[in-house]
Amino acid sequence: NDNFGYKARPQMLAQRKMQRPNVWQQIGAEEPKAAAAKLMKQNDNFGYKARPQMLAQRKMQRPNVWKSIGAEEPKAAAAKLMKQNDNFGYKARPQMLAQKKMQRPNVWKSIGAEEPKA
């Protein structure tokens, strides 16, 4: 037999090396080295090493109490009241007095009689 002994062909040891079965793969678990690296990566996402986050994007919307009770928001109500107040007094817009002139009440109509015609 020329395949064994000093006459045998040179062989690469890496090719001959048999793979040992991985115990972690056999039991269906993650290798400890990979699990530790994954845990350390998760821990890096928190604390002082964490990436900066925009607080405005994370802010949750609070329910509006005024809408839930069917009332106007105080800010809007105050603005509306101030606008109404601006329509009176020295801030009021100029008005034409002729347009504001009221019709005198008709005495005959108020007592329920016909107006005499001349």
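These questions and answers cover a predicted model of one protein chain. Residues are numbered from 1 along the chain as its sequence is written.

Q: How many helices does the protein chain have?
A: Helices are DSSP runs of H or I with at least four residues, and strands are runs of E with at least two, numbered from the N terminus. The protein chain has zero strands. Its count of helices is eight.

Q: Which helix has the highest confidence?
A: pLDDT, the predictor's confidence in each residue, runs from 0 to 100. The mean for the protein chain is 77. Confidence is lowest in helix α1 (residues 13-16), at a mean of 58. The highest mean, 89, belongs to helix α6 (residues 74-86).

Q: What percentage of the residues of the protein chain count as buried?
A: Buried means under 20% relative accessible area, exposed over 50%, and partly exposed in between, with a 1.4 Å probe and protein chains only. The protein chain has 118 residues. The share that counts as buried is 0%.

Q: Where is Val 23 found?
A: The model places Val 23 in a helix of residues 23-27. That element is helix α2.

Definitions and conventions. This is a predicted model: local features need pLDDT of at least 70, side-chain atom pairs count only at pLDDT 80 or more; totals for chains, interfaces and linings use all residues. Side-chain values use heavy atoms; hydrogens and water are left out.
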